[in-house]
Amino acid sequence: MFPDKNDTIVQVLEKRGVTRRDFLKLSVMLAGTLGLKYSSVGKVVRALETKSRVPVIWLEFQDCAGCTESITRSQNPTLTQLLLNDIALDYHETLMVAAGHQAESAKEAAMEKYKGEYVLVVEGSLPLANPGYCTVAGKAPIDELQKVAADAAAIIAVGNCATFGGLPKAKPNPTDAYGVMDVLTDYTVINLPGCPAIPEVMTNTIAYFLVEGSAPELDALNRPKMFYAQTLHDRCLRRGFYDAGLYAKSFNDEGYRKGYCLYKLGCKGPTTYNACASLKWNQGTSWPVQSGHPCLGCSQPNFWDGGGFYEGQGAILQKPGLAALGGAALAGIVVGGGLSVANSREKERAKHTLEQSPSDEEKEE
Amino acid sequence: MNWVPLMEFVRGPLFYFAILFFIAGMAYRLVNVLALGWKKDYVPAKHNKLGGSIVAFLKGVIVWPFIPRISQTATRNPIIYFAGGLFHLGLFVTVLLGAAHILVWKSLLGFGWPSLPLPIIDWLAAIAIISLIVLFINRISNPVLKLLTRVPDYFNLLFVFMPMVTGFFLTHRLFLSYEAMFTIHVLFVDLLLIWIPLSRISHFMFYFYSKARYGAAFAQRGARP
């Protein structure tokens, strides 16, 4: 199942029949997608020539396998093939042929063989309420994750579920779901949020680890800055219409047909950090806002509970009903009226006692 | 820093509390003022009191503030008149006609209305912010005004200034990330809602009330409101 552990990537590729010319093309492309300078191509070539494959163990917990679907549709077929077949993916619960005990022993074997070298990719959130929600082969998900993470060279959480809890964490969160970084607090987890994560973001992060031997620069939420530094709004092709105040107001009005800004239809672009606007989806074909749908903010924490998809970021999450508003007004009126009545009674009483009470002269008598 | 939990808090529970506090507080204030006294009216009214109220109301709200030569404030205290006027104009146009604010209104009321283009809103917001700074400088430099000013009056300025300036930074992506500035912006709006019933910013309600009362009193005496 595994090629020779000591083979470098170049050797693996040569065995696959990849020519030197194609290898150099791949190296340039890789350097480009990683945002490296042209002068760094040599570094990529050297890394691929000297380093052996990066084994990946891909675990799935409370997920929909959407991120797996996503990575298999990466824009760059050569790179994907490279990752799927040659560099990585020694264990993947959805993509492998093996099942049952066979699968479990494959995982054990990969962990043993590449101890301290493999990259752990996690898809899906972890249930803390009851391990029974996501038990595989009789093992609690948390225990299994901690066991695999202990010997990993790097841990990458892909998709919104693995990073921030995603759909399973949405209210009322029946499984008490958490993302990987909330569970593995002792490790640096590289977060690649999205629903699903952009395939190139996943492949390129693994490739970056391969070339540099370390995690890319991360932001406050542990997201690689090279993909998540800017909001969609900053890179949006409809941005000019936003600045000019030209908005589509419904999905069928003139503004919509003219391609105006989707902000008023609830676009979460201004608060969403992702690379959709620059990398796009489906081999660079399009992305949601380009195709005419407002951004849902799927790469942001708790996006399911962040208000309606068509309401916008400013929408109030907890709206008081008429009963609550009326109750508040009534409370104000009752307290204000009560105090006023009490005050006027106090005034009357004071007036009364002033009239009734004997004067100081009378007292002396 | 992950701003999302705080952002959800200020858009959710804190706003909920703030709006209910605002409603209850304003109802309390209004009842308190109304209960100050309604003495029996022994003098026959010379003009229609309701008419007087309406005329005073219209003049005070629509006509008067926009005619500098007639309004005495304009000649006696031009700084208050122009800075105060531009501040109110900029604030209300921004809050009522800015695209982002209309989305908030829409989420609360269920319906929206057309917005003004961002550059216009932007200039009006800048004018409102500068006007507020001018009013602040006037307050600390004018000896009479300084004598009348107490600590809560500075809080009034602060609680209005903060949402305005954070909103301006937000649209221009200054200093902090969008969601951080957005969170601070909404936080200060919530604080402002809580502060209004406790402070003289409640004048937004009493202004209309006193205009109507004065109009009625003028009409009763036969004066032109």
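## Close-up views of a predicted model

**View 1. An open sheet in chain A.** Five strands of chain A line up in the order β2-β1-β3-β5-β7. They form an open sheet, and the pairing is parallel. Two strands sit at the edges: β2 (91-92) and β7 (189-192) of chain A. Each of these edge strands pairs on one side only. What holds paired strands together? Strands of a sheet pair through backbone hydrogen bonds, either parallel or antiparallel.

**View 2. Strands β1 and β3 of chain A, side by side.** Strand β1 of chain A covers residues 56-60, and strand β3 of chain A covers residues 119-123. How many bridges join β1 to β3 in chain A? There are five, and the two strands run parallel. To find your place in this view, look for A:Trp58. Opposite A:Trp58 stands A:Val121, a residue of β3(A).

View 3. Strand β5 of chain A, residues 154-158, pairs with β7(A). Four bridges link β5(A) and β7(A), in the parallel sense. One pair to pick out is A:Val158 with its bridge partner A:Leu192 in β7(A). Are the residues of β7(A) buried or exposed? They are buried on both faces. A:Val189 and A:Asn191 lie on one side of β7(A). A:Ile190 and A:Leu192 lie on the other.

View 4. The secondary structure of chain A comes to 19 helices and seven strands. The C-alpha trace of chain A spans about 125 × 55 × 35 Å along its principal axes. Its radius of gyration is 30 Å, whereas a compact globule of 365 residues would have one near 21 Å. Of the 365 residues in chain A, 41% count as buried. Now take the contacts in chain A between residues at least 6 apart in sequence. Among these, 72% join residues at least 24 apart.

**View 5. Where chain B touches chain A.** The contact involves 33 residues of chain B and 38 residues of chain A. Four helices of chain B each give two or more residues to its side: α1 (4-11), α2 (13-34), α6 (99-109) and α10 (178-195). Which of the elements gives the largest share of the side of chain B that touches chain A? α2(B) does, with 13 residues. By type, chain B's side divides into 24 nonpolar residues, six polar and three charged.

**View 6. Helix α9 of chain B, with a kink.** Helix α9 of chain B runs over residues 151-172, which makes 22 residues. From first C-alpha to last, α9(B) reaches 31 Å, close to the 32 Å expected at 1.5 Å a residue. A kink of about 25° lies at B:Phe161, shortly before the proline B:Pro163. B:Pro163 is buried, as are B:Phe159, B:Val160 and B:Met164, among others in α9(B). The buried residues of α9(B) pack against α7 (118-141) and α10 of chain B. After the helix comes B:Arg173, with a positive phi near 55°.

View 7. The 24 residues of α7(B) should span 34 Å at 1.5 Å a residue. The end C-alpha atoms of α7(B) are 34 Å apart, which agrees. The buried residues of α7(B) include B:Ile121, B:Leu124 and B:Ala125. The buried residues of α7(B) pack against α5 (78-97) and α9 of chain B.

Note on methods
Residues numbered from 1 in each chain as written. Chains lettered and ligands numbered in written order. Predicted model: local features only at pLDDT ≥ 70, side-chain atom pairs only at ≥ 80, totals over all residues. Rg over C-alpha atoms; globule rule 2.2 N^0.38 Å. Buried ≥ 20, exposed ≤ 12 C-beta atoms within 10 Å, placed from the backbone. Contact = placed C-beta atoms within 7 Å. Nonpolar A, V, L, I, M, F, W, Y, C, P; charged D, E, K, R; others polar. Expected span 1.5 Å × (residues − 1). Bend = angle between axes of the 7 residues up to and from the residue. Pairing = 2+ DSSP bridges.
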